[in-house]
Amino acid sequence: MKPMSSPPEDPHGGKAPADPHNTPRVTIRIEEAIAAAAMALICVITFANVVVRYLTNASFAFTEEISVFLLVVLTLVGAAAAFARDRNIRVDFFVLKLPKALRYALELAGMALSAVLFTMVAWFGWRFFIDDWKYETTSPGLGIPQAVYSIWLTVLAVLIVARIAGRLVRLGRHR
Amino acid sequence: MTALLFGGFLLLLLAGVPLATALGISGAAVILLADLGAMSIAANVYSSLAKYPLLALPVFILAGMIFERAGVAAKLVAFVAALIGPRRGAQGAVAIIVCMFLGGISGSGPADAAAVAMVMLPSMTRQGYPPAFSASLIAAAGSTAILIPPSIAFVIFTVLVPQVSVPALFAAGMIPGILAGLSLLVPAFVFARRYGWGAEDGAERQRLLAVLKDASWGLAAPVIILGGLRTGAFTPTEAAVVAVFYGLFVGTVVYRTIDARKLYRVLVDSAEISAVVMLIIACAGIFAHAGSTLGAFDAMAKAMLGVTDEPWLMLVMIMALLLVAGMLLDAASIFLIFLPILIPVVNAFGWDMTWFAVLMTMNMAIGQFTPPMAVNLLVTTRIAGIGIETTVRWVLWMVLSMLSALALVAAFPQLALWLPARLGY
């Protein structure tokens with residue numbers, strides 16, 4: 001597998017030449033900013049919770065609902081960036097031993113399967129949202145419509161599919 | 001269907017398909033073909049992620065990264081080096097001990113190994129240690145990060161097996177983690193003596209008190225994290241958040257190594273690494289739903305139980321399987337794939353789940369530096385600028401050392417279970 005955490009800066013200074021397959025034209029800075037903001041918000045909300053609990057003995061545990069939602073956003077938005085840059089965890093040990101043409105075909109197939117998977121998530125997620133909307137389900141903590149949360153599963157799954165499609169296009173272009 | 005689920009997944013995995021996709025698509029295919037309710041594909045993605053205990057995962061990753069980027073490793077190295085003093089083999093021992101300390105702040109093996117390698121590789125090379133040896137030693141010592149609390153791997157284990165609590169598992173990992181680290185001192189000292197590495201009149205010795213003052217900020221981090229958990233004042237997520245803010249204070253006010261730009265970068269990087277792990281958790285939700293609804297996990301467990309009813313043989317078999325899996329994959333992924341099958345086996349033999357979690361994680365730790373596929377070794381050899389194959393003659397001794405630590409914990413479960421029992425978890 002590939003290392004999950006690379007050293008923050010390349011110790012030898014120079015950067016490896018950018019792989020054209022892993023540099024999307026539509027910048028992923030937007031996804032980065034959203035994921036970073038979700039991470040920061042999770043920390044701030046949780047920390048505020050700790051402070052308030054100590055000062056007032058009251059808890060606003062309902063904020064858990066927001067934090068957990070932010071966790072979903074962080075994951076799916078971060079995953080979109082990871083697909084665009086091929087940062088996902090995979091076993092490349094055996095693939096690297098294959099001839100180049102076969103490797104390329106497998107790479108395409110893997111990306112296509114990923115697109116199929118997240119299209120399904122988007123589609124069935126949409127049906128979920130429709131259910132939440134129709135039956136006016138409310139969230140357990142804040143009592144707001146559950147649909148406010150569930151719509152994002154579809155939206156972000158579509159974003160992931162778009163990023164995978166972008167990578168497929170780049171793979172096709174720079175064979 | 002069972003064959004399609006496991007066979008399809010394995011085939012996709014070995015074909016280099018992203019692990020998340022391999023899990024999700026084989027699960028989804030079975031759900032659609034066996035008509036298990038297509039809506040569950042989306043529902044499981046959401047419900048696997050939307051769990052409060054899982055919040056601890058990204059926050060612990062962030063906390064570890066903040067300390068790493070604050071430059072805590074260099075200060076710890078200076079302190080431990082001054083503590084041990086100049087003697088033969090000292091540098092190797094310093095590397096091991098600093099890796100273990102950092103493991104008490106971060107819960108990721110490759111991150112730990114990278115931080116220490118960047119600080120220690122140049123100085124070890126100056127003292128005559130071959131880079132291949134130093135890279136092996138630091139890769140091995142860095143793997144203790146997933147055993148010594150806080151540990152990302154343990155957080156994921158408790159999300160999957162809710163009857164085990166995070167504080168209990170953190171406590172259980174402490175002694176085995178230290179044991180695993182200390183086991184590496186043997187090859188470090190033996191080789192240093194045999195080949196005469198490490199000049200006895202090494203670098204100029206710094207004053208202990210001065211370096212202690214610098215390092216104390218880092219040394220206090222594990223105390224804050226574990227202390228908060230111990231008193232029950234914090235949930236694991238809250239303990240991690242407190243560590244984040246403490247790390248920010250150290251990085252911005254004390255060491256002045258983190259500015260606004262770096263802070264943003266650390267948020268982005270930690271979010272991305274967390275997302276990659278949690279996407280696998282989300283897709284493993286689809287796989288697990290398919291497997292448990294089909295009864296495929298129970299069938300696999302039964303097949304395993306049919307092989308032998310000798311607990312020792314079973315344990316050795318499972319450990320061997322996990323060791324190989326640990327070379328290919330990280331701990332989080334292995335828990336997600338294997339736990340549904342292994343939990344019935346553990347229950348059938350009446351093994352303690354906490355102890356078993358520690359044994360599993362020790363295998364993953366060893367897998368992190370066993371060539372040819374080893375994340376930690378990949379990171380340290382890249383920093384050293386050498387090929388991974390040059391490390392084989394050294395690193396195998398370290399695998400052997402840590403395997404003996406594993407054997408000890410397997411033979412004496414109290415090594416893992418004494419501390420949590422003592423602390424009353």
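These notebook entries record what I looked up in a predicted model.

**Entry 1: chain A overall**

I began with the secondary structure of chain A, which holds 4 helices and 0 strands. Read from the N terminus, the order of elements is α-α-α-α. I then looked up burial: of the 175 residues in chain A, 45% are buried. For contacts in chain A between residues at least 6 apart in sequence, I noted that 77% join residues at least 24 apart. The accessible surface of chain A is about 9000 Å², and carbon and sulfur atoms account for 67% of that area.

**Entry 2: the second largest pocket**

Two or more lining residues come from each of α3 (100-134) and α4 (147-173) of chain A. I recorded α3(A) as the source of the largest share of this lining, with 8 residues. Sorted by class, the lining has 11 charged, 10 nonpolar and 5 polar residues.

**Entry 3: B:L179**

Finally I examined B:L179, which lies in helix α10 (residues 166-183) of chain B. Beyond its neighbours within four places in sequence, B:L179 is in contact with B:A405, B:L408, B:V409 and B:L415. I also checked B:L179 against B:I31: the two are 148 residues apart in sequence, and their C-alpha atoms are 44 Å apart in space.

Key:
Residues are numbered from 1 along each chain as its sequence is written. Chains are lettered from A and ligands numbered from 1 in the order in which they are written. This is a predicted model: local features need pLDDT of at least 70, side-chain atom pairs count only at pLDDT 80 or more; totals for chains, interfaces and linings use all residues. Side-chain values use heavy atoms; hydrogens and water are left out. Ala, Val, Leu, Ile, Met, Phe, Trp, Tyr, Cys and Pro count as nonpolar, Asp, Glu, Lys and Arg as charged, and the others, Gly among them, as polar. Contact means heavy atoms within 4.5 Å. Buried means under 20% relative accessible area, exposed over 50%, partly exposed in between (1.4 Å probe, protein chains only). Accessible areas come from the Shrake-Rupley method with a 1.4 Å probe; for residues, only the protein chains shown count as cover.
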